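Please look at the sequence and the coordinates before reading on.

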Amino acid sequence: MQTQLTWYGQAAFKINTTTGKILLIDPWLTNPSFPGGEAELARLDRVDLILLTHGHGDHVGNAVEIGKRAGATLVSNFDLKAVMVSVLGYPESQAPNETAGHLGGELSLLGGEVKVQFVPAWHGSSIQKEENAAPIYAGNPTGLIITVHDGPVIYHTGDTDLFSDMALMKRFHKIDVMLVCIGDHYTMGPARAAEAVKLVAPKTVIPMHYGTFPLLTGTPEAFGRELKKRRSKSQLRVLKSGETIKLDSKLRR
Ligand SMILES: [Zn+2]
């Protein structure tokens, strides 16, 4: 069995590992670009881990509901975990300190089957109990480097601008798949995202965080042009929301 990756739109992904573990990242399944969100939400009755990059609503999404129903353990930085439990009511027993790290730390999870490293992202992070409620501090935003045992190394940028320290990531990980925000307005747009790809040098790059709202104007076409301009060797793979792809266990260069 191969590792499988599903994009749900915006920054939401599902990873199925080779041994059948299920990980969700930033699980806003009921986003406007994924019409099948409600049905998929109902189908998810067993989830092992929910990984969050930061506290904004388009990333926390349906996390609490899924956590309560599907028993998922929360993986995030310490500050975000604290407000997920105390403000949004994520089950405390499913958010232990063992799965709450912070920038620079790498956690070994599910008996070593998955490793998650928290890396910087230039953005904000707060939790709102409901729309227009006062935002509550949720720590620093992060990106995530997910190493799947017998599978690929996946870098989810979270929401971020380009930063030169992205070039340091390849000293520690050979990134197979980079999930990169390209939507502009709240994050980097296509040109800066293409520059980020040059720094990280992944084998494959999948754009995300675009097209969900009219404000997110970056497109995969513009991103592709910017990658070409920079003679990027990374392979661009554009997914439709709801699409699942298989990732080779040996995606190494
Ligand atoms: Zn966002």
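Which residues does Tyr155 touch, not counting residues up to four places away in sequence? In this predicted model, Tyr155 touches Val119, Leu144, Ile145, Phe163, Met166, Met169, Ile175, Val177, Met178, Leu179 and Val200, with residues up to four places away in sequence left out of the list. Tyr155 belongs to the largest nonpolar core, which has 49 residues, and it is named with Ile146, Met166, Met178 and Phe223 among the members that touch the most others.

Helix α6, which spans residues 190–200, has Pro190, Ala193, Ala194, Ala196, Val197 and Val200 as buried residues. Seen down the helix axis, the buried residues of α6 fall within an arc of 155°, so they line one face of the helix. The cover over these buried residues includes β12 (153–156), α5 (169–172), β13 (177–181), β14 and α7. Just after α6, Ala201 takes a positive phi of about 50°.

The zinc ion is coordinated by Asp58 through OD, His59 through NE2, Asp159 through OD and His209 through NE2, at 2.1 to 2.2 Å. In sequence, these donor residues follow the spacing D-H-x99-D-x49-H. Asp58 lies in helix α2 (residues 57–60), whereas His209 lies in the loop between β14 (204–208) and α7 (220–229), so the pair ties together parts that are 151 residues apart in sequence. The four donor atoms subtend angles of 90 to 175° around the zinc ion, and the arrangement is therefore irregular. For four donors to count as tetrahedral, all angles would have to lie between 85 and 135 degrees.

| Residue | Relative accessible area | Class |
|---|---|---|
| Asp58 | 16% | buried |
| His209 | 1% | buried |
| Ser108 | 52% | exposed |

Is Ser108 buried or exposed? At 52% relative accessibility, Ser108 counts as exposed, because the cut-off for that class is over 50%. Ser108 sits in strand β7, made of residues 106–109, and it touches Val114 and Lys115 when residues up to four places away in sequence are not counted. The C-alpha atoms of Ser108 and Thr147 are separated by 9.4 Å, and these two residues are 39 residues apart along the chain.

Conventions: Residues are numbered from 1 along each chain as its sequence is written. This is a predicted model: local features need pLDDT of at least 70, side-chain atom pairs count only at pLDDT 80 or more; totals for chains, interfaces and linings use all residues. Side-chain values use heavy atoms; hydrogens and water are left out. Donors are N, O and S atoms within 2.8 Å of the metal (3.2 Å for Na, K and Ca); water is not among the atoms, so sites may look incomplete. Four donors count as tetrahedral if all angles lie between 85 and 135 degrees; four count as square planar and six as octahedral if opposite donors are over 155 degrees apart and all others between 65 and 115; anything else is irregular. Helices (H or I, at least four residues) and strands (E, at least two) are DSSP runs, numbered from the N terminus. Buried means under 20% relative accessible area, exposed over 50%, partly exposed in between (1.4 Å probe, protein chains only). A nonpolar core is a set of buried Ala, Val, Leu, Ile, Met, Phe, Trp, Tyr and Cys residues joined through side-chain atoms within 4.5 Å. Contact means heavy atoms within 4.5 Å. The arc is that of the directions from the helix axis to the C-beta atoms.
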